[in-house]
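Subject: Structure handover

Hello,

Here is the structure I promised to pass on. Please open it first, then read the notes below.

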Amino acid sequence: MADKNVLVLGGGIAGLSAARKLADFDIGVQLIEKSAFLGGHGIQFSCKATDKCVKCGACVVEETLENVVRHPKINVLLNTQTQKITRSDGQFSVTLQKNPAYIDPEKCTGCGLCFEKCPAHGAISRGFSKSNLPFYAISEKNCLFMKDKSCSLCQDTCPEEAITLDQKRTDHVCETDAIIVATGFEAFNPESKPYGYNVFDNVITSLELERTLRQESIVSRPSDNKPPEKIAFIQCVGSRDAKLGHLWCSKICCGSSLRMAKLIRSRQPETEMAFFYMDVQTFGKDFQVFYETVQDDIRMIRAIPGDIFRTETDRLRMAFLDNSTHEILEEIFDLVVLSVGITPGKDTKELADQLHLAVSDSGFLSPSENGIFTAGTALGPMSIAETISNAGNAVWETLKYLRI
Ligand SMILES: Cc1cc2nc3c(=O)[nH]c(=O)nc-3n(C[C@H](O)[C@H](O)[C@H](O)COP(=O)(O)OP(=O)(O)OC[C@H]3O[C@@H](n4cnc5c(N)ncnc54)[C@H](O)[C@@H]3O)c2cc1C
């Protein structure tokens, strides 16, 4: 049993929990993550407990990540993607391309001097978990050294000499007995919707709000850093949308946005909150009880707003059809949060071709077997709890396949 190896593609909660479960069976795991940080989307979420836990699942991602990075049977490769996969005699041979990390995790102490000193916006990003080492990452796209070698301030000022900008990509080949594909999803980009995303500063996505709540205690308006007096949440942005061909419900958006709204009300009690929805999806065994309690704090409006306009005083005006009176109503808000849905990952098709996997009509991966297994939201919308359970199934199938 001890000499079996599995390659897990994707370091979100699906990949993390699959890796952890396999390693607990004494199986060697190579955990491949294409970005600079482990944890996928879930590590960017804040705990949303107010007076008690609301079971959002954020803490489970942090806990699993901590266990994975400490596990002696798991080797994590960040900034890495598969190039080519071949199979012979039941063994997979996988060519991996590793982009340089530029920051040495052994030397970086997470002091943040590189982040403070960097003059190029977005060239150095900060992780969300201190268990992710290094805690900072350099973006090739925005770094001035990568562009024209005009700046090396981070390298010059790092007190630990942990940064080496002049590094090259490396390829290497690894052999594995099975593969679990846990490459997750892409949050819908709402630029095509009439809500002014990326036009008005104070229209943000639910994912951006998750990140803000994780990193700051108070929510403020991006345009002036003032706390908003009125916030509107618009649900089903990119889900249940026939025009886009996205007929699926993303399942998690109602729960996630209502929990965030409740958290903001508990921290900023003077904030008025309105929730524009089609139907509230009360998935999860405790959610119905939570939903009943939030309705005292949050105005629920069954309508999907039309276009959003910026007022002269930098507020946001939106119109919507009142469901009971059938009148068109207008209301002004300070911040609008678009609840963006779960869509297939950008490189799903390419990856599916590489691994000879099928893709469903909706563009997510179809379940697979015979040595290559699939887990988590790469298959379609799931909550963190469902993802963990689905990853457990993929591990179970893998163990059966490896005859363990
Ligand atoms: C706005 C928003 C809020 C949410 N809030 C909640 C909530 O409160 N509670 C809840 O239960 N769920 C919530 N969810 C759902 C939750 O995000 C998912 O259940 C969870 O992230 C799924 O994990 P995953 O590992 O399948 O995918 P991901 O989190 O997407 O992780 C996939 C990982 O794979 C990596 N990857 C992708 N392609 C490759 C490749 N080719 N090679 C290597 N690595 C690759 C990615 O970089 C990423 O790290 C929310 C979702 C959204 C959009």
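Let me start with a loop. Thr313 sits in the loop between strand S15 (308-310) and strand S16 (316-321). Helices (H or I, at least four residues) and strands (E, at least two) are DSSP runs, numbered from the N terminus. Thr313 is exposed, at a relative accessible area of 61%. Here buried means under 20% relative accessible area, exposed means over 50%, and partly exposed is in between (1.4 Å probe, protein chains only). Thr313 and Asp334 are 21 residues apart in sequence. In space they are 10.0 Å apart, C-alpha to C-alpha.

Some ground rules. This is a predicted model, in which local features need pLDDT of at least 70, side-chain atom pairs count only at pLDDT 80 or more, and totals for chains, interfaces and linings use all residues. Residues are numbered from 1 along each chain as its sequence is written, and side-chain values use heavy atoms, with hydrogens and water left out.

Now helix H1 (residues 13-24). It has twelve residues and reaches 16 Å from its first C-alpha to its last. That is close to the 16 Å expected at 1.5 Å a residue; the expected span is 1.5 Å times one less than the number of residues. H1 is mostly covered, with nine of its twelve residues buried. Among them are Ile13, Leu16, Ala18 and Leu22. What covers the buried residues includes strand S1 (5-9), strand S2 (28-32), strand S9 (178-181) and helix H10 (384-401). Just after H1, Asp26 takes a positive phi of about 70°.

H10 also holds Trp396. Is Trp396 buried or exposed? Trp396 counts as exposed, because its relative accessibility is 52%. Trp396 and Ala18 are 378 residues apart in sequence, but 9.5 Å apart in space, C-alpha to C-alpha.

Next, Gln354 in helix H9 (residues 348-355). Gln354 counts as buried, because its relative accessibility is 19%. Leaving aside neighbours within four places in sequence, Gln354 is in contact (heavy atoms within 4.5 Å) with Thr82, Gln83, Lys84 and Ile85.

On to the cysteines. A disulfide is a pair of cysteine sulfur atoms within 2.5 Å. By this rule the count is zero. Cys118 is in no disulfide, and the nearest cysteine sulfur, that of Cys151, is 6.3 Å away. Cys118 is partly exposed, with a relative accessible area of 23%. Cys151 counts as buried, at 18% relative accessibility.

Last, a pocket. The second largest pocket has a volume of about 440 Å³. The search uses a 1 Å grid over the protein atoms alone and a 1.4 Å probe; a pocket is an open set of points with protein on both sides within 12 Å along at least five of seven lines, and lining residues have an atom within 4 Å of a point. Volume is the space filled by probe spheres set on the points, which are joined across faces, edges and corners.

This pocket is lined by 24 residues, of which Val76, Leu78, Pro105, Leu133 and Pro134 lie nearest its centre. Helix H2 (58-70), strand S3 (74-77) and strand S7 (136-138) each give two or more residues to the lining. S3 gives the largest share, three residues. By class, the lining has 15 nonpolar, six polar and three charged residues. Ala, Val, Leu, Ile, Met, Phe, Trp, Tyr, Cys and Pro count as nonpolar, Asp, Glu, Lys and Arg as charged, and the others, Gly among them, as polar.

Best wishes
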